[in-house]
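Trainee: I would like to learn how to read a model residue by residue. Please show me the structure and take my questions one at a time.

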Amino acid sequence: MHRCLELARLGAGHVAPNPMVGAVLVYNDRIIGEGYHQLYGKTHAEVNCLDSVSEANRQYIDQSTIYVSLEPCAHHGKTPPCADLLIANRVPRVVVGCRDPFPLVNGKGIEKLKAAGIDVQPGILETECRQLNSRFFTFHTRYRPYVLLKWAQSANGLIARAGERTAISNEYTNRLVHKWRSEEAAILVGPRTALIDNPALTARLWTGPDPIRLVIDKNLELPADLQLFDRKTKTIVFNSIKHEEEHENLHYYQIATDSSIVNQLLLALHQLKIQSVLVEGGARLLQSFIDEDAWDEARIITNNDLHLPAGLPAPRLTHAHLRSHESLLSDTIRYYHHD
């Protein structure tokens, strides 16, 4: 199952809104096939696992155990049900990491396998398997996207000089940030960040896909020549004036001004089937997610060599548990989970 998780992670940034899944086929304690879900809409992990079995070993499929990090699907989506595939190949035993919370599956895959006489052992490394797909599970069980907060701060706790763009993290950390962007469905900034920093919000320093760009612009006052509006990547503008369907990669989504913007954003993103969002700024927007306990993970970059004489203080993270930290030259990156 640990190998299933290793394989599944290879699909990060490429399979959403589907979950990451790995599968390993074992005969007499020897792996004879393995696979993972590589691309959204394409074959699932179980299919790729069985397809990888050599001709010499195919005779052993009906005597083998397949390990799968997530319950095999039981419905027709973009691909046929994986449970049917395992039944057709007469795989006698299936070890499952965790159940799939998606309503069209959610136990039905396990039930179908058992009804066919297959020995099913669920719940192996269940916590690790659920954590791997925390975005998928959050979306389908809490009915909102997985929220990841990120900011960079100076050694004395400031995120920028007042009113001007401030480079804080080093070039290696910047590349890592672009990797993070490629792994999330969307990226969100507030109007001041959009105006002052004029960010592109793409994953151009990494090889993965660009996230959907989200920006709050209540009164539609941001200038049209910002990089956010270059139409190269899908962009959604949350505002109080108009609602227009996507046209040339630009979509206007209307929200109210008399209720919580954070709650409205989470509801809207769930309706838009956006499973995760990376909130990059500014400080006020980040703090609003923190104050409303509407976050799951935070990644804080501190440049230990940079001291700003004055500027904007970093958000104040609360209800946080430090999970790990790492250093990249001058930068320390701390990873927090909501406690």
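Trainee: To begin, how many disulfides does the rule count here?

Mentor: A disulfide is a pair of cysteine sulfur atoms within 2.5 Å. By this rule the count is zero. Cys 49 is in no disulfide, and its nearest cysteine sulfur, that of Cys 4, is 7.7 Å away. Cys 82 is in no disulfide either; the sulfur of Cys 73 is its nearest, at 3.8 Å.

Trainee: What should I know about the model itself?

Mentor: It is a predicted model, where local features need pLDDT of at least 70 and side-chain atom pairs count only at pLDDT 80 or more, while totals for chains, interfaces and linings use all residues. Residues are numbered from 1 along each chain as its sequence is written, and side-chain values use heavy atoms, with hydrogens and water left out.

Trainee: Which residues does Gly 33 touch?

Mentor: Contact means heavy atoms within 4.5 Å. Not counting residues up to four places away in sequence, Gly 33 touches Ala 23, Val 24, Leu 25, Cys 49, Ser 52 and Val 53. Gly 33 counts as buried because its relative accessibility is 4%.

Trainee: Where does Gly 33 sit?

Mentor: Helices (H or I, at least four residues) and strands (E, at least two) are DSSP runs, numbered from the N terminus. Gly 33 is in strand 2, residues 30-36. Its C-alpha is 48 Å from that of Pro 315, which is 282 residues apart from Gly 33 along the chain.

Trainee: What does Gln 287 contact?

Mentor: Pro 315 and Arg 316, leaving aside neighbours within four places in sequence. Gln 287 lies in helix 10, residues 283-291, and is buried at 10% relative accessible area. A polar atom of its side chain lies 2.7 Å from the backbone nitrogen of Arg 316.

Trainee: Now a helix. Which residues of helix 4 are buried?

Mentor: Helix 4 covers residues 108-115, and its buried residues are Gly 109, Ile 110 and Leu 113. They fall within an arc of 100° seen down the axis, so they line one face of the helix. The arc is that of the directions from the helix axis to the C-beta atoms. Here is the general idea. An α-helix has 3.6 residues a turn, so residues three or four places apart point the same way.

Trainee: What lies on the face turned away from the buried side of helix 4?

Mentor: The exposed residues Glu 111 and Ala 115. The cover over the buried residues of helix 4 includes helix 3 (82-88), strand 4 (93-96) and strand 5 (119-121). After helix 4 comes Gly 117, with a positive phi near 85°.

Trainee: Why is helix 6 described as largely enclosed?

Mentor: Helix 6 spans residues 134-141, and six of its eight residues are buried, so the rest of the structure largely encloses it. Those buried residues are Ser 134, Phe 136, Phe 137, Thr 138, Phe 139 and His 140. They pack against helix 5 (126-132), strand 6 (146-154) and helix 9 (261-271). Tyr 143 follows helix 6, with a positive phi near 55°.

Trainee: Strands next. Which way do the residues of strand 8 point?

Mentor: In strand 8, residues 186-189, Ala 186 and Leu 188 point one way, Ile 187 and Val 189 the other, and all are buried.

Trainee: In which sense, parallel or antiparallel, do strand 8 and strand 9 pair?

Mentor: Two strands pair if DSSP finds at least two bridges between them. Strand 8 and strand 9 (residues 212-216) pair in the parallel sense over four bridges. Val 189 stands opposite Val 215. Between these strands the chain passes through helix 8 (residues 191-197), and this β-α-β crossover is right-handed. That label applies if, with the strands pointing away from the viewer, the path from the first strand over the helix to the second runs clockwise. Strand 8 also pairs with strand 13 (residues 276-281), in the parallel sense over four bridges. There, Ile 187 stands opposite Leu 278.

Definitions and conventions. Buried means under 20% relative accessible area, exposed over 50%, partly exposed in between (1.4 Å probe, protein chains only). A polar contact is a pair of N or O atoms within 3.5 Å; within protein, one must be able to donate a hydrogen and the other to accept it, and residues adjacent in sequence count only if both atoms are side-chain atoms.
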